[in-house]
Amino acid sequence: MFALAALPAGRQRNAFVNESEQFIAGRFAMWLLLLSLGMLFGASLIAFLVIRLQLADHWPGELISLPRGLWFSAIIMLFSSATIHAALHAARCNRKRMLVAGLAVTFVLGCLFLAMQVQCWLVALAELRNVWLELGNNRLAATGFYIFSGVHGLHVVGGLIPMAVVTLRAARNQYNAQHYGGVQYITMYWHFLDGVWIVLFATLLIGM
Amino acid sequence: MSAIDTQPQTPVVVDNYLNHTKGVLSWALTLDHKRIGVMYTISVLLSFFLGGMFALLVRTELIAPGEGFLTQDQYNQAFSLHGAIMVFLVIIPSVPAALGNFIMPIMLGAKDVAFPRLNLFSYYLWVFGAIFFVVAMFTGSLDTGWTFYTPYSIDTDSAMSGVIPALTGAFILGFSSIFTGMNFIVTIHRLRPPGMTWFRMPLFLWAIYATALIQVLATPVLGITLLLLIMERAFGIGIFNPALGGDPVLYQHFFWFYSHPAVYIMILPGMGIISELIAVHSHKHICGYKFIAFSSVAIAIFGFLVWGHHMFVSGQSPLLNAIFSAITFSVSIPSAVKMFNWLATLYKGSISLNTPMLYALSFMFIFAIGGLTGLHLGTLATDVHLHDTYFVVAHFHYVMMGSALIAMIGGLHHWWPKITGKMYNENLGRLGCILVFVGFNTTFLPQFVLGSQGMPRRYHDYSNFLPEQVELYATYHMWSSIGSYIMAVGFFLTAGYLIHSLFAGRRAPANPWGGRSLEWQCASPPPYDNFAVTPSVGDCYDFSVLEWDEKEQGYRINEEARRKQAYPGEVADRSGAEKLDGD
């Protein structure tokens, strides 16, 4: 998609009568994408819960504990939601420095979140080595955290790349109060990722 | 693509989307929905050829009892690749992505889809997914059937290293489908021209819209399922593998939660095409417009609630079985509503028995059988007997191949003059359709009998049954295989005259059939920006305003008659649309 974004500007093809129509359409498409991804995360949640409930009494919950770092990453994620919203607000008010700062901080927080998640992966892995044999055939107790954080993490990576593009464009002064589509779309996506991680994290906390 | 690119030019060179720019890159990087549609069409038809070859291998192996020219493993791979290619690479993208891409924006009088770049991105995702299937074919192989059921798909002892590439391919194709669906929903919501309200849209667009809803809502579930299955096979995550605490039936639930709605992704656009073909080629106003429109949406909604009918013998609770069975029957209501409305449209119409109409009539005949045999399979008592027999194979080929694909081929003929600007040979077209129709029924009608007599599906060899059974099966299998050869001849003939028409076909008029929807109001092939003159949005099934133009050898709109029938405000001017930079 990013290769396509690099197509020369002369190769634009736009079917909308004006920019505000295009903005509305873009926002609508983002809602559809979030709906679609909601189905994806919802299904993974259901898969986890079904196996968790089936294993009920065999679930080796006492053997496994979630890395403490997850609390930090959750707080980072929540905080980044606030910073990106500040950026969106700045775009609407035409405050360009604030916009660039908000986006840049969110980008850094997103990277920090990923780093924290990777650190948690390593911590969990070290712990797993000790209990691997005792786990028996209840594999999901060990892998559930990896599945959730992995699938979510991929979506975070998929958000950071366009966020870098939007930040660069903001730095080049390409957004203003009438024209801030990119900021709007990435903010919607980021809030969604925030909400999803909170739900997944809560499920892990309760389920484990 | 190159065949169309190099077609001889007509004496007067008119700017159209084919000759607007030249060169391979102007196609590969195009943002024009028409070129993307053409690229999809060519890719889908090539995949259809590949999938068809695997089908012929399967049929040839089964022509007589005993081990034929394929080993058991090769046979398993042949039917798995046939199924996977036909479902994921052919039928799912055939109508929405290929024909829909070309026709939908023109039907809306729009310049393009809402997000042209996303559209091109979807196409390359399709290509990428297709490459994974080719990798699966050559590096290892795939013997799980197209459904990738566990435990076949997680059995790492078998040497089938093509499972992961194929799963990855299907995963990527899923995202291609989601993005196409998103694009189409937004396009239909936001780019309808002034005057075209929801209930003045051509029925094809209603069908595409209902399909896009399923694509957006159901496909992500397949995506995560395939991803979990890949992880299960690669790392053993314990979701689907019972040895690791997982549940293989959970896989079936997830798979069919997508794949049952997916059969409506396949059939709904086909039904949309048939609504157009029947009305245009019987030159009569479609009967029960709103019923057909709402039945498309109803099918899309019901489609989400019936997945469990694929699992009546998987140990589901009897209560769930009964509920899924009951809801399954409810799908037959909107389907029947469509059938009755098409029949009523034909009644007293002035029917042109040309190739698209013959395909539409074939569709109605075949879909009636396909739909009605679905009731036997939705009924618990009979399904337990018929499950995993050739009855099921025959049923889903009647709806997926005989209905969805026949509708696609019919639509291809209907819009061929618009897409290529050339007319094909009508008589050969009729002959091709008849061969396909006869071949299809010769192939699959015997399979209903085979199935009801107990022949299981996916068997490589049937010589170990009781002697009288083997004799019976052999006869029907032979007929079935002969039918598949007739069908192949029909398809090769069709490919032949369609390709021939590109070089030697008569120049197509703007409106060869007498259609009223907007795509017939632009030139054939359409100009780069679709409409030179703002099209008039009228009742797209009111054919009374059309008159035959002898000089053009096509229909044109009688302006005086149109003005009398016009909706208020329908000729609103869109020419002031500014060209704006995208975001």
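**Reading the contacts of chains A and B**

Mentor: A:E21 and B:R190 form a salt bridge, with their closest N and O atoms 3.4 Å apart. The model is predicted, so local features need pLDDT of at least 70 and side-chain atom pairs count only at pLDDT 80 or more, whereas totals for chains, interfaces and linings use all residues. Residues are numbered from 1 along each chain as its sequence is written, chains are lettered from A and ligands numbered from 1 in the order in which they are written, and side-chain values use heavy atoms, with hydrogens and water left out.

Trainee: What makes B:R190 and A:E21 partly exposed?

Mentor: Buried means under 20% relative accessible area, exposed means over 50%, and partly exposed lies in between (1.4 Å probe, protein chains only). B:R190 has 28% relative accessibility and therefore counts as partly exposed; A:E21, at 21%, also falls in that class.

Trainee: How many salt bridges are counted between chain A and chain B, and how many in the whole structure?

Mentor: The count between chain A and chain B is one, while the search over all chains finds six.

Trainee: What joins B:E547, B:D549 and B:R556 into one network?

Mentor: B:R556 forms a salt bridge with B:E547, with closest N and O atoms 3.0 Å apart, and its side chain also meets that of B:D549 in a salt bridge of 3.1 Å, N to O. B:R556 is partly exposed at 42% relative accessibility, as is B:E547 at 27%, whereas B:D549 counts as buried at 14%. Shared partners in these salt bridges join the three residues into one network.

Trainee: How do you know how much area is buried between chain A and chain B?

Mentor: The size of an interface is often given as the accessible area lost when the parts come together. Buried area is that accessible area (1.4 Å probe), summed over both parts. For chain A and chain B the value is about 4,600 Å², with carbon and sulfur atoms giving 66% of it. Here 48 residues of chain A are in contact (heavy atoms within 4.5 Å) with 56 residues of chain B.

Trainee: How many residue pairs are in polar contact across this interface, and which element of chain A gives the most residues?

Mentor: A polar contact is a pair of N or O atoms within 3.5 Å; within protein, one must be able to donate a hydrogen and the other to accept it, and residues adjacent in sequence count only if both atoms are side-chain atoms. The rule finds six such residue pairs, both residues being at pLDDT 80 or more. On the side of chain A that touches chain B, the elements giving two or more residues are α1 (2-5), α2, α5 (140-171) and α6 (181-207) of chain A. The most come from α2(A), with 22 residues.

Trainee: Why is A:S44 called buried?

Mentor: At 5% relative accessibility, A:S44 lies under the limit and so counts as buried. This residue of helix α2 of chain A touches A:F148 and B:I224, not counting residues up to four places away in sequence.

Trainee: What makes B:G181 buried, and where does it lie?

Mentor: B:G181 has 0% relative accessibility and therefore counts as buried; it lies in helix α6 of chain B. Leaving aside neighbours within four places in sequence, B:G181 is in contact with B:A212, B:Q215 and B:V216. B:G181 and B:V216 are 35 residues apart in sequence and 5.8 Å apart in space, C-alpha to C-alpha.

Trainee: How do you know that A:R52 has no salt bridge?

Mentor: Lys and Arg count as positive and Asp and Glu as negative, with His and the chain ends not counted. The nearest side chain of opposite charge to the buried A:R52 is that of A:D57, 7.4 Å away. A polar atom of the A:R52 side chain does lie 2.5 Å from the backbone oxygen of A:G207.

Conventions:
Salt bridge = Lys/Arg side-chain N within 4 Å of Asp/Glu carboxyl O. Buried area = accessible area lost by both parts, 1.4 Å probe. Helix = DSSP H or I, 4+ residues; strand = E, 2+ residues; numbered from the N terminus.
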